[in-house]
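Take a look at the aromatic rings in this model.

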Amino acid sequence: MELKNYFAQDPSGNIIPIPTVHVYEPGTTTAVSGLEDENGVALANPFTGSSQGQIQFAAPDGYYDMRVVGGGRDFTMRVRFIDADTSSANILREQLSEAAGAGMVSNKSQTVAAKLNERVSIMDHGAAPTAAFSEAMQNDRPAWNAAQTDVGAGGTVHFPAVPEWAETHYWIGGGLVYFHNCYVTSDPSVILHVEDISNSVDHPRRNLTPITISRNYPGRTGTYGFELSPVAPLDEYLGAPAAVWSAMESGKHVRDRISLATYEPIRISSFVTGAYTEDGTGMQTQGSTSVNWTDGAAAGADHQGLMKKGPTQGITYEFLLDIPNTNAVAGTFNVVLGRATTSHRWEFTLGDSTIRFYNGNTLSKSIPVLNLMDRIASDVGCARVGVKILQANAAELVINDMVYDTQAVSSPIRWLGFVASETVRPYAALKYHNQNDRPVFASGRPLKVLCIGDSQTAGANASATWPRILEQLAQHLPGVGRVDVTNIAVSGTSTGYWATQIASVDCSTYDRVLIMLGINNNQSSGNAGTGTFLSNVNTINAKVIADGSRPIWGMNTRYQSATLSGGGGTTQNHSIFARYNAVLKDSCETNGYELAETIEAFGNNAGADGSFAGVEISPSWHTDNIHPNGHGQVAIAAAFAAALSRDMSRRYPVARLRAGSLTPAAPWVIHTVATNGYLRWSIRDGVLYLRGKVRRDPISSDPVANTTIATLPSFVAISAPADFIVRTTDGATNGWCELTINQNGTITTGPNALPGSIDISVSMLL
């Protein structure tokens, strides 16, 4: 008969002395006969345990219900006894352990005893699961501690299911549970109840099978979420990058394959003076989108190709620069920015790994081309090369949809040229011309990122941390290559802790510092703490900037219960989460820092029961109202991945959105506010938008050309004047007139403005 030992405990893990024990047939109150004590002497049923709470007895092979009464508790659990000759088994185990050769297994120096210890059931150390969660569950902390010690760092502790039960519940009480001391496995129907479970950088989980974890446990009020701790926490999350990418508006564009009739042939005699003639001698058009040369030598030593006059801001002009045949060609393609009295150019030397930018003929920059696809080989080579006009005097070089260089010149760009040298022209073609307003993203590059935060960033109660997920999630987004993340989050901290601690943190080796703080400020201080919160945010930002990095902040996520506190502070301040987020958002907008919109990523999934199927995962994105589970951590990572990509792709040092209204200068006034609204301006991602309708007051026949309508705020930096054509009317006659946004911010009418009203709806890149 198997002899077993148990210890009676209360919900806090305290010993219950001299408990009364009943052993029943399963599912009944029929007492079992044939019980024995440790000496093989017949034992009454019921019987009592020791003053130390020890319950020790032997029973025939089979399953039984053991009922324990004492210390104000009365609980029943299913137990199993296996009828075996354990003494013989132990003798055999010792013999195999000590034998010189026969005791070795596999192809390594490992005894059978060591092999047997690789996986140990927690029930072998006294764990007593139940078929359902209840306040009477046994605290299996002693069994958990003993099992970990037994197997060591290389072994596995297993949580077995009881076959007859639909679910098998274990409770490990007494504080934080670590899965890093050994490997852990469980059967699929097992649910492990814990107060907190660690998944920090220093204590990563080592479970070899999925384990369902619940944060409901005896003595805890409220209903808390549960989650599945997967074998490889990232595997189920790596589909999310597609969602992040699709949310970034990367596919919204207008692409036109327009006729080459909109281009002129160009023959450039001097890059220094920008002198050219519109001469297409030796060129021929093939279809509507391609040209090549029938006589490459006709233009002599001049560079020849195609020219676009008056390129438009926000548009990318693109050609395939092509060497279609097998020829060892030497020479250059040039992409030219033409000005009034000179030119600038990016020069592609065939077969070379460097692009060179010239002011006239003076080399000012060399740009390495690391990707072989982006080089133009001298023998059957090509590349899609475009120029995006950012503003009147600035442009980007785009190769195969990747930004390689950005250049600003001292006066407006009047024309673009795509030209080839004399030695290249006999073998070259300009093909597949198109122009589009598709956003062009910065090329990805390896990044080092530092994460600062509290328990939400440390990953408390989650199967994976958002910083770890971010390493995989952000890869290959615009402006982002490989991501190397260091997470120094500390649970329970606030901005006050980090405002002091940041002085000792070296941010200089990191491209960006990602910060998510505020939940503990909110819980502890409420409305009175927002001023201190903002002051601490500014202190943290100042140190990050001084070290040469940039901060990206994350907003606090939604809460879903008015009564759950996250195991920490009071619940009374939950309702003012929005106030802290508003302070943080205003700070980021004011200083031009990116903000990870975690609330947008969570959506209503954060607070709506049923948003996820309640099978092995909480039906919301939190485990306890504050700490995100695995799904919630993915949502935070997605928000930070998008913010990181936006920041690394940004080319304009302005806040993402500013807006306001303008007061027209006399004699101009707003034309019918109720119908047309005010004259409003806004800036988003480096684009100025101006909308409204104005009229003369009173309408007269006086000339209105070259008069000032309004003036933009002084902080709106206009790098070069921009002209637009807008609709004008005097009530009887409709027409069109020029409107100019000048470098000093004034908005003026041009010729042909009628002495009535003007409709304004224009935009320009700053």
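Rings of Phe, Tyr and Trp (its six-membered ring) pair if their centres lie within 6.5 Å; planes under 30 degrees apart count as stacked, over 60 as edge-to-face and the rest as tilted. Ring pairs link F47, F57, Y64 and F81 into a cluster. The model is predicted: local features need pLDDT of at least 70, side-chain atom pairs count only at pLDDT 80 or more, and totals for chains, interfaces and linings use all residues. Residues are numbered from 1 along each chain as its sequence is written, and side-chain values use heavy atoms, leaving out hydrogens and water.

Across the whole structure, a search finds 12 aromatic pairs. One of them is W144 with F159, a tilted pair at 5.8 Å centre to centre and 35 degrees between the planes. This pair links distant parts of the chain. W144 sits in helix α3 (residues 141-151) and F159 in strand β8 (residues 156-159), 15 residues apart. Helices (H or I, at least four residues) and strands (E, at least two) are DSSP runs, numbered from the N terminus. W144 counts as buried because its relative accessibility is 1%. Buried means under 20% relative accessible area, exposed over 50%, partly exposed in between (1.4 Å probe, protein chains only). F159 is buried at 2%.
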